[in-house]
Amino acid sequence: MTEISQSILAKGLTKRFDKITAVDNLDLSVYSGEIFGIVGPDGAGKTTTLRMLSSIMEPTSGSALIAGFDVSKDSINVKENLAYMSQKFGLYTDLTVKENIDFYADLYGVPKKGRDKRIDELLDFSHMRPFKSRLAGNLSGGMKQKLQLACALVHTPKVLLLDEPTNGVDPVSRRDFWRILYGLLKQNVSILVTTAYLDEAERCNRVGLLNNGKLFAVGTPLEIRKLMKGRILYIRSEESRKISRLLQENLEGSNINLFGDSVHIVCEDFNETEKISRHLIESNKFKYNEIREALPSLEDVFISALIDVDNKSSQTAIELSETIDKKKDGISVYVKNLTRNFGDFVAVDNISFEVKRGEIFGFLGPNGAGKSTTIRMLCGLLQPSKGTGVVSGFDINNQAEEIKKHIGYMSQKFSLYEDLTVEENIEFYGGIYGLGNNRLIERKKWAIDIAGLKDRNKSSTSILSGGFKQRLALACAILHEPPIIFLDEPTSGVDPLSRRRFWDIIYKMADKGVTVFVTTHYMEEAEYCDRIALIYGGKMIALGTPTELKSQVFIEGKSIPSMEDVFISFIESVDRKNEADNVK
């Protein structure tokens with residue numbers, strides 16, 4: 001391809017902040033009609049790169065062209081030819097959904113003729129039409145993200161820069177969003193997208209792996225997968241957690257990763273690793289469905305390339321007291337006919353379920369389905385309109401304060417105070433949970449170790465990467481060693497390596513008897529749960545293990561459907577039933 005067809009062209013692009021080099025001599029080209037994905041860990045330089053390309057930030061050295069215009073010398077023409085969606089919400093909270101989109105349409109010079117049709121298309125794609133007149137400030141985090149997507153796409157630019165655009169967006173809306181991107185390709189739009197979702201990177205024409213400000217691999221997803229060092233031994237079993245723990249104890253030096261009901265072992269000598277693994281599993285009488293070689297995914301390549309063997313944060317032993325929830329019935333959470341109304345709106349509609357002690361219980365649903373509202377009721381933060389619930393032996397209707405003492409809660413925004421240091425955040429939460437001086441000193445050291453922040457304990461929380469903030473927030477939430485932990489979309493926007501380490505901690509907690517109640521939009525993460533409840537429109541529409549839910553869904557051409565397939569299939573089934581009922 002010629003340079004003329006390169007809508008984005010960067011040569012030697014560099015950005016330094018004092019002694020820190022955020023982007024280091026980066027060469028990049030994106031062609032017309034191409035989606036190029038940049039994947040990298042927190043702090044790799046993804047956002048800084050997009051800010052330089054959009055003329056928001058001046059490069060230290062190097063050059064970049066957008067649609068043929070220099071980002072440093074001709075920023076006006078650059079901005080006229082691109083749309084940029086940043087991670088921070090560029091919304092006006094005192095304007096309605098429709099007014100926000102109209103504002104961006106005016107900003108981009110979208111003609112009045114045909115504008116309403118375009119806005120209606122965007123509202124339908126994002127399932128935001130019912131909220132057309134709602135103030136942006138009153139939207140949930142996921143809805144704000146979808147509204148910003150609509151604002152960025154209200155005109156058709158030559159270049160579209162998207163900085164992790166689908167964080168906090170459910171799989172149905174994500175799939176619709178990617179359909180729109182593919183439609184833009186037909187109009188020769190160049191799209192550069194950063195993402196923390198490796199399944200999204202698979203949808204790009206080409207992918208760049210970025211680390212420490214440098215692109216260390218560029219190619220099609222197939223070409224990137226071929227960079228995998230070693231082969232992958234795949235073991236599928238309903239006892240995968242036990243098998244993973246057994247192999248980690250006996251296969252020294254091996255890279256062993258747990259993916260829900262499967263274990264991946266990256267190995268050089270495949271035959272020998274398979275022989276030893278099979279012997280260990282069978283001699284310990286663990287059951288398994290299959291042992292075979294698997295093709296590497298982009299996530300396998302990413303983790304293999306970036307894993308830091310010197311970082312022991314994921315290996316830190318989690319020491320929990322022996323007084324963890326030992327109720328005779330083994331039930332940590334019990335819910336019967338739970339309902340919550342906000343005026344005429346029914347956010348949670350007559351749901352019932354129970355969660356066993358030591359279980360990892362996944363709570364899935366689209367934005368606005370009622371997940372966060374349910375968690376807030378279970379945590380004693382919101383009074384139910386109807387129904388009953390018991391959490392750790394305490395009634396949610398009249399013992400809310402007791403519940404708060406016996407749970408940990410990690411919200412979507414990590415619940416940290418960014419103007420405090422790491423130590424100060426831990427001390428603050430220690431005070432809330434009533435930890436005494438000696439106990440607080442002991443638990444503070446533990447929290448810093450678990451978060452991997454031993455050398456940054458005096459640092460301001462605001463400068464930490466998403467992965468470090470995530471682990472610090474988890475450490476603060478379980479500082480008092482609660483028997484139940486509620487995690488509300490805890491890994492949204494966190495890179496795969498940080499997410500993997502986070503789940504290592506969760507598995508160890510569950511093994512010690514802690515009950516983990518988690519909501520997520522990351523479908524591979526849903527497979528890490530022991531059981532999953534699917535909520536839609538405030539109603540429970542499915543409940544079971546990942547294997548049980550998959551067995552209820554048939555996707556042509558697939559022997560085993562993905563959790564995303566399952567998620568969308570159940571929701572589409574409910575929509576079809578509702579449409580049929582409306583016709584009647």
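This is a predicted model: local features need pLDDT of at least 70, side-chain atom pairs count only at pLDDT 80 or more; totals for chains, interfaces and linings use all residues.

Tutor: Residues are numbered from 1 along each chain as its sequence is written, and side-chain values use heavy atoms, with hydrogens and water left out.

Student: What is the mean pLDDT of the protein, and where is the pLDDT below 50?

Tutor: pLDDT is the predictor's confidence in each residue, from 0 to 100. The mean for the protein is 86, and 94% of its residues reach 70 or more. Below 50 lie residues 308-318, a stretch with 23 contacts beyond near neighbours in sequence, where contact means heavy atoms within 4.5 Å. Residues 322-328 are also below 50, with 13 such contacts in the model.

Student: Why is the pair of Phe-353 and Phe-363 called tilted?

Tutor: Rings of Phe, Tyr and Trp (its six-membered ring) pair if their centres lie within 6.5 Å; planes under 30 degrees apart count as stacked, over 60 as edge-to-face and the rest as tilted. The structure holds 16 aromatic pairs. In this one the centres are 5.9 Å apart and the planes stand at 45°, so the pair of Phe-353 and Phe-363 is tilted.

Student: What makes this pair a link between parts of the chain?

Tutor: Phe-353 belongs to strand E16 (residues 345-356) and Phe-363 to strand E17 (residues 360-364), so the pair ties together parts that are ten residues apart in sequence. Strands (E, at least two residues) and helices (H or I, at least four) are DSSP runs, numbered from the N terminus.

Student: Why is the pair of Phe-486 and Phe-517 also described as tilted, and which strands hold these residues?

Tutor: The ring centres of Phe-486 and Phe-517 are 5.3 Å apart with the planes at 45°, so this pair is tilted. Phe-486 lies in strand E21 (residues 484-488) and Phe-517 in strand E22 (residues 515-519), so the pair ties together parts that are 31 residues apart in sequence. Ring pairs link Phe-353, Phe-361, Phe-363, Phe-486 and Phe-517 into a cluster.

Student: Why does Phe-486 count as buried?

Tutor: Buried means under 20% relative accessible area, exposed over 50%, and partly exposed in between (1.4 Å probe, protein chains only). Phe-486 has 0% relative accessibility and therefore counts as buried. Phe-517 is likewise buried, with a relative accessible area of 0%. Phe-353 and Phe-363 are buried too.

Student: How do you know that the charged end of Arg-443 sits over the ring of Trp-446?

Tutor: The criterion is that NZ of Lys or CZ of Arg is within 6 Å of the ring centre and within 35 degrees of the ring normal. The charged end of Arg-443 sits over the ring of Trp-446, 4.1 Å from its centre. That of Arg-340 sits over the ring of Phe-342, 4.7 Å from its centre.

Student: What makes E20 and E24 the edge strands of their sheet?

Tutor: Two strands pair if DSSP finds at least two bridges between them. Six strands form an open sheet with mixed pairing, in the order E20-E21-E22-E17-E23-E24. Strand E20 (407-410) and strand E24 (539-544) each pair on one side only, and are the edge strands.

Student: How many bridges join E23 to its partners E17 and E24?

Tutor: Four bridges join E17 to strand E23 (residues 531-536), and these two run parallel. Among the residues facing each other, Phe-361 stands opposite Arg-531, and Gly-362 has Ile-532 as its bridge partner. Five bridges join E23 to E24, which run antiparallel; there Ala-533 stands opposite Leu-543. E23 and E24 form a hairpin with two residues between them, and Gly-537 in the turn has a positive phi of about 60°.

Student: What makes E23 mostly covered?

Tutor: Five of the six residues of E23 are buried.

Student: Which elements do the buried residues of H9 pack against?

Tutor: Helix H9 (residues 240-250) has Ile-243, Leu-246 and Leu-247 among its buried residues. The buried residues of H9 pack against several elements, including E17 and H17.

Student: Why does Gly-434 count as exposed?

Tutor: Gly-434 lies in the loop between helix H14 (422-432) and helix H15 (437-451). Its relative accessibility is 61%, so Gly-434 counts as exposed.
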